Amino acid sequence: MKLPILIAMVLYMAMVIWIGVIYSKKTKTSEDYFLGGRGLGPWVTAMSAEASDMSSWLLMGLPGLAYATGFSQAGWTAIGLILGTYLNWKIVAKRLRHYTEVADNAITVPDFFSNRFKDDKKILSSISAIMILIFFTVYTASGFAACGTLFNSVFGLNYQKSMIVCAIVIVLYTSMGGFLAASTTDLIQGLLMSFAIVIVLIVGVVNAGGVANVIAHGQAMEGFFDVMKYHDPATGGAVSQGVIPILSGLAWGLGYFGMPHILVRFMAIRDPQEVKKSRNIAMIWVLISLSVAVCIGFTGAALYPNVAELAGNGNQRIFIYMTTHLFKGLIPLFMAGVILSGILAATMSTSDSQLLIASSCVSKNLFQGLFKKEMSEEKVLLVSRITTIVIALIGIFIAMDENSSVFGLVENAWAGFGGAFGPLTLFALFWKRTNLKGAIAGMLSGGIIALVWPVTLGKLGGIFGIYCLLPAFIVSSILIIVVSLCTEKPSDVMVKEFEEAKSLND
């Protein structure tokens, strides 16, 4: 009975591989492979940036959180992400596009940091590359986990085998077509994700008896729609949220300033003057997607309030559960497969970008930058493709546990990038007094705090239980300022490039 669903999803995966084959013929240089020759139009830039941002957690982690606990946790997180997205496009995108060209035509984020601060010893780019490898491997694992969960939930297929097959598909089209293939498929995947979540929400609300019934059910659950409390599914009562957890939710927005897979889209847009158009497209998509994802959780709670398989981490399957149960007899099963492909789209649109950026860091910033400076374009591309496979294998190993929390894995990686790269990106673009020593201090402190906070102070609860991105971001910012002011001033060349990039932006 579920064969048409499987056929639709297999055809979708075949399509993205086909796109990879097409763009493999157009990818000749490392700049083509990593940055698409800086030739992305506004639509592709916007949808690629946002689709690569909104990974599988958009259709699994976020609706699952809203389904289990109501507005407070999921809603404040969504608001933080919306604000962060806007500010990133508004203040970072155009200036970064100009500055990466001024700074010796940097084509990776570590390149930009290294060139910006004239790091001849490649210390900063090496640290950046290592951070990217660590956090993107975890991030990629979250995508693979979502794929395994999808096929296991819908078809009863083995979680591990399903995850491996999906990983192979992602590696194939990414390693063949590079940035152009990833960006083009991201456009398609972003549109598919939008279609999937909107259709599921509409059908879900109708089956729940309308918006009024969904609201009435939520109001009957203690703390479900409260902005300062959240619903505890274990006790059925409400738990006070407090200001600190709300700030933690909003702090998700800070992560955007340090996300390499988003920043690289800003670097790749063909014309800096098209950033505004891209920003408008991106914001419309983000507002719709995040709002609908949270509402799917609310609707699912009204439809399926006491389903055993949706307890605990099972709540992240609510979108899958709604799709497979709501569409029986309503539309052909093939269409249900198209809708469920939205989860594949969400996963692939993020994983391809992460694999691509991680491989660029190894080939350009570690292998070529440190160990073997003279490399042909063919060797750079070969090392990149091999790295893509290795990172995917490590990601598969991390995600082998089918009880892995997609939201938890994404949270750890997001905090790592936001703490390590976020403050430095802002200071590099807007404060000309920032120097190399300050940059190194800020990056190391932010990344280390994001790694150790959850297993040290974060376990104490109270004020220390705050989402680790916030303390990482604050400490990193303070150290960048203090160390930069207490050490030598930036060189005349650095100041000149800063002023040039600023004038271009103005």
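Analyst: Buried means under 20% relative accessible area, exposed over 50%, and partly exposed in between, with a 1.4 Å probe and protein chains only. Helices here are DSSP runs of H or I with at least four residues, strands are runs of E with at least two, and both are numbered from the N terminus. The model is predicted, so local features need pLDDT of at least 70 and side-chain atom pairs count only at pLDDT 80 or more, while totals for chains, interfaces and linings use all residues. Residues are numbered from 1 along each chain as its sequence is written, and side-chain values use heavy atoms, with hydrogens and water left out.

The buried residues of α6 are V109, P110, D111, F112, F113, S114, N115 and R116. At the start of the helix, a side-chain oxygen of T108 comes to within 3.0 Å of the backbone nitrogen of D111.

One of these residues, F112, has 2% relative accessibility and therefore counts as buried. Y99 counts as buried too, at 1% relative accessibility. A search of the whole structure finds 17 aromatic pairs. Rings of Phe, Tyr and Trp (its six-membered ring) pair if their centres lie within 6.5 Å; planes under 30 degrees apart count as stacked, over 60 as edge-to-face and the rest as tilted. For Y99 and F112 the ring centres are 5.5 Å apart and the planes stand at 70°, so this pair is edge-to-face. Because Y99 lies in helix α5 (residues 71–102) and F112 in helix α6, the pair ties together parts that are 13 residues apart in sequence. Ring pairs also join Y99 and F112 into a cluster with F113, F135, F136, F417, F421 and F498.

Most residues other than glycine have a negative phi. K118 lies in the loop between α6 and α7 (123–155). K118 counts as partly exposed, because its relative accessibility is 25%. K122 lies in the loop between α6 and α7, and its phi is near 60°, a positive value in a residue other than glycine. At 29% relative accessibility, K122 counts as partly exposed.

Key. Polar contact = N/O pair within 3.5 Å; in protein donor to acceptor, adjacent residues only side chain to side chain.
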